[in-house]
Amino acid sequence: QVQLVESGGGLVQPGGSLSLLCAASGSIFNIGDMGWYRQAPGKQRELVAVITRGGSTHYADSVKGRFTISRDNAKNTVYLQMNNLEPEDTAVYYCNAGLVAAGTRPNEYWGQGTQVTVSS
């Protein structure tokens, strides 16, 4: 059974930093793209950043220059470093991965979400 477990959310003041981590576990053969999405109250879930297995990255315009996504393929882990946080970054952040697990076809998996609150 595949699981994506996020950690690192919390409360931070505007201008502060937070780091998120998402670890995939289970009988995993291969992980393709990994990414972070977020959903603020009353809004749709939106892409924050995505990284390919080879390390190519894509960011939402709203976080370019402030957030950095990275991954460790050996640890099946993806990270999101968030700097210069703004109140508008407040949301539940979800990890996402496209992967192949034992006995299954390629599929998309989600973590349970971690709350990030930016407030003074």
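**Exercise 1. State how many bridges join β4 to β5, and in which direction the two strands run.**

Five bridges join β4 to β5, and the strands run antiparallel. The model is predicted: local features need pLDDT of at least 70, side-chain atom pairs count only at pLDDT 80 or more, and totals for chains, interfaces and linings use all residues. Residues are numbered from 1 along each chain as its sequence is written, and side-chain values use heavy atoms, with hydrogens and water left out.

Step 1: Strands (E, at least two residues) are DSSP runs, numbered from the N terminus. Two strands pair if DSSP finds at least two bridges between them.

Step 2: find a facing pair. Met34 stands opposite Ile51 in β5.

Step 3: look at the turn. Six residues lie between the strands of this hairpin, and Gly42 takes a positive phi near 75° there.

**Exercise 2. Find the strand that nine bridges join to β4.**

The strand is β9, and it runs antiparallel to β4. Within β9, Asn96 is the residue opposite Gly35.

**Exercise 3. Give the strand order of the four-stranded open sheet, and explain which strands stand at the edges.**

Step 1: the order is β1-β3-β8-β7, with antiparallel pairing.

Step 2: β1 (3-7) and β7 each have a single partner strand, so one side of each is left without a neighbour in the sheet. These two are the edges.

Step 3: from one strand to the next, the twist averages 15°. Here axes are lines fitted to C-alpha atoms, and angles run from 0 to 180 degrees between N-to-C directions.

Step 4: inside the sheet, six bridges join β3 to β8. Leu20 has Leu80 in β8 as its bridge partner.

**Exercise 4. Describe the largest nonpolar core.**

Step 1: define it. Such a core is a set of buried Ala, Val, Leu, Ile, Met, Phe, Trp, Tyr and Cys residues joined through side-chain atoms within 4.5 Å. Buried means under 20% relative accessible area (1.4 Å probe, protein chains only).

Step 2: count. The core has 33 residues, and Trp36, Leu80, Met82 and Tyr93 have the most contacts inside it.

Step 3: assign the sources. Elements giving two or more residues include β3 (18-25), β4 (28-39) and β9 (91-101). The largest share, six residues, comes from β9.

Step 4: take Met82. Beyond neighbours within four places in sequence, its contacts (heavy atoms within 4.5 Å) include Leu18, Leu20, Phe67, Tyr93 and Val116.

**Exercise 5. Decide whether Asp89 is buried or exposed.**

Asp89 lies in the loop between β8 and β9. Its relative accessibility is 1%, so Asp89 counts as buried. Among its contacts beyond four places in sequence are Arg38 and Arg66.

Terms used. Buried < 20%, exposed > 50% of the residue type's maximum accessible area, 1.4 Å probe, protein only.
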